[in-house]
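Here is a short note to read alongside the model. Keep the 3D view open and look up each residue as it comes up.

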Amino acid sequence: MSIIVNNSSNNLLNNNNNSNNALITETITLELLTVPQIQQLIIDTLLNNMSLFSTLASTIDAADSGTLARILFELTYPKKTLALVNLMIENDFKQAENAGSTLRGNNATTRLMTLFARSASKSYLSTALKDILEELIREDLQLEVDPSKLAVPEKIEENQKKLIQVCQNILNSLTSFESVSKISREMRALGGLTAKYALIYCPSQKLALVGGLFMLRLVNPALATPNTYGIIPDSTVLNPGVRRTLILVSKILQALSNGIIFGNKEPFMKPFNEFLETNHEKMSNFLTEICVDPLTNEENESWIDLLTPSPAEFDATNLTIADFVALQRYFKLHKPHIMKTLKNQNVKKELLYRLFQELGAPLDNTTKVTGANRKSFLFIRISIAVLLIAFIITFLWNYYF
């Protein structure tokens, strides 16, 4: 017996009242949670072969990559995410036409890495950025350096000097002993895995890729929206000028982590090249340090305990019905690629065939209910019909009599 419900389950009775819709949705949800056939089927498959999910991630459309990354994060965090990310990073490097550009765009892998980095770095971000950002906001530092956006061009040089000082203060805080001590081992592992595959596929880009992970996926988003990262209170209002300052800081620190300098494309940024050259070694040493496993010794491989946790460490309690329906659709739509990719790997084929056979065809905008649960659903529909008839009779009675 199974119930399969898609995102449109609450649209079954578009023309009925809200209370009836709520009743239908609640009943279907309860049935799915008590008899989660699709849910258990997917989890059983994941328990036995995580490469199935890494393969799916490598072929998923860009439009669906965010949803898939969130679902995989909810399902695997915190104990299994790194093991999955390890497979996904390796797949991305193997399939890349230009290994140096790997992990720079937005796909399922990088989105999952972003979610993991954010969750694993709350203490670090707060320690490194909280005081500096609060002072910057309190002093209302609006340090525009683009002449085309500045009403008073005479302030450019002054703003440049102040912006360099802000960048230096933030860099010093990010790399200080106190802050670095707050970087979780899980976050270090994410950097370590990036460095590991970069060394194999594009050694010259190792630090740039680690820097891309650290700055592009973690620090820069925290600078741009510190409220959402819990660094400053939600009630704090960032005026456009201060937000622009933080964007400029992010741009400069991103260039520093990439090991590049500003050119003719943005000539107003050239005055910051001296800052980039002065701090290049400082950033390189920092990026190298955060990729090292503090528990590694001659007997233990780096991150081994984080990459081989117990197979029972999955948690689907935060996933919704729509999430499992989305997974069902992704698996069915990308079945040919998944089967072709995994056919020569050490995969339990019977699990894959069972998965694709029992999931059925991709769902459309209808709700399908089968087995004994059909009776419950039919009873609800009859009850709603009776209520509608009673409502019509009452309306006609009041109208004519």
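1. What percentage of the 401 residues of the protein count as buried? The value is 48%, where buried means under 20% relative accessible area, exposed means over 50%, and partly exposed lies in between (1.4 Å probe, protein chains only). Please keep in mind that this is a predicted model, in which local features need pLDDT of at least 70 and side-chain atom pairs count only at pLDDT 80 or more, while totals for chains, interfaces and linings use all residues. Residues are numbered from 1 along each chain as its sequence is written, and side-chain values use heavy atoms, with hydrogens and water left out.

2. Let us start with the overall make-up. The protein has 19 helices and 2 strands; helices (H or I, at least four residues) and strands (E, at least two) are DSSP runs, numbered from the N terminus. Among contacts with a separation of 6 or more, 77% join residues 24 or more positions apart, a contact being heavy atoms within 4.5 Å.

3. Now the surface. The protein exposes about 20600 Å², and carbon and sulfur atoms supply 54% of this area, computed by the Shrake-Rupley method with a 1.4 Å probe; for residues, only the protein chains shown count as cover. Phe391, Ile392 and Leu396 make a nonpolar surface patch of about 310 Å². Patches are built from residues with over 30% relative accessible area and no salt bridge, joining like charges within 9 Å and nonpolar side chains (Val, Leu, Ile, Met, Phe, Trp, Tyr) within 5 Å. Leu396 sits in helix H19 (residues 373-400) and counts as partly exposed, because its relative accessibility is 39%.

4. Next, a pair of helices. Helix H6 (residues 108-120) packs against helix H11 (residues 206-224) at an angle of about 75 degrees, with 9 Å between their axes. That makes H6 roughly perpendicular to H11: angles of 65 to 115 degrees count as roughly perpendicular, under 35 as roughly parallel, over 145 as roughly antiparallel, and the rest as oblique. The axes are lines fitted to C-alpha atoms, for helices over the stretch in contact, and angles run from 0 to 180 degrees between N-to-C directions. Where they meet, Thr110, Met113, Thr114, Ala117 and Arg118 come from H6, and Leu213, Arg217 and Leu218 from H11.

5. How many salt bridges are there? The count is 10, each being a side-chain nitrogen of Lys or Arg within 4 Å of a carboxyl oxygen of Asp or Glu. One of them joins Asp64 and Arg329, whose closest N and O atoms are 3.8 Å apart. This pair links distant parts of the chain, with Asp64 in helix H4 (residues 62-76) and Arg329 in helix H16 (residues 321-333), 265 residues apart. Asp64 is buried, at 15% relative accessibility, whereas Arg329 is partly exposed, at 29%.

6. Finally, find Arg185 and Asp293, joined by a salt bridge (2.8 Å, N to O). Arg185 is in helix H10 (residues 185-201), and Asp293 is in the loop between helix H14 (280-289) and helix H15 (304-307), 108 residues apart. Are these two residues buried or exposed? Both Arg185 and Asp293 are buried, and together with Asp305 they are linked in a network of salt bridges.
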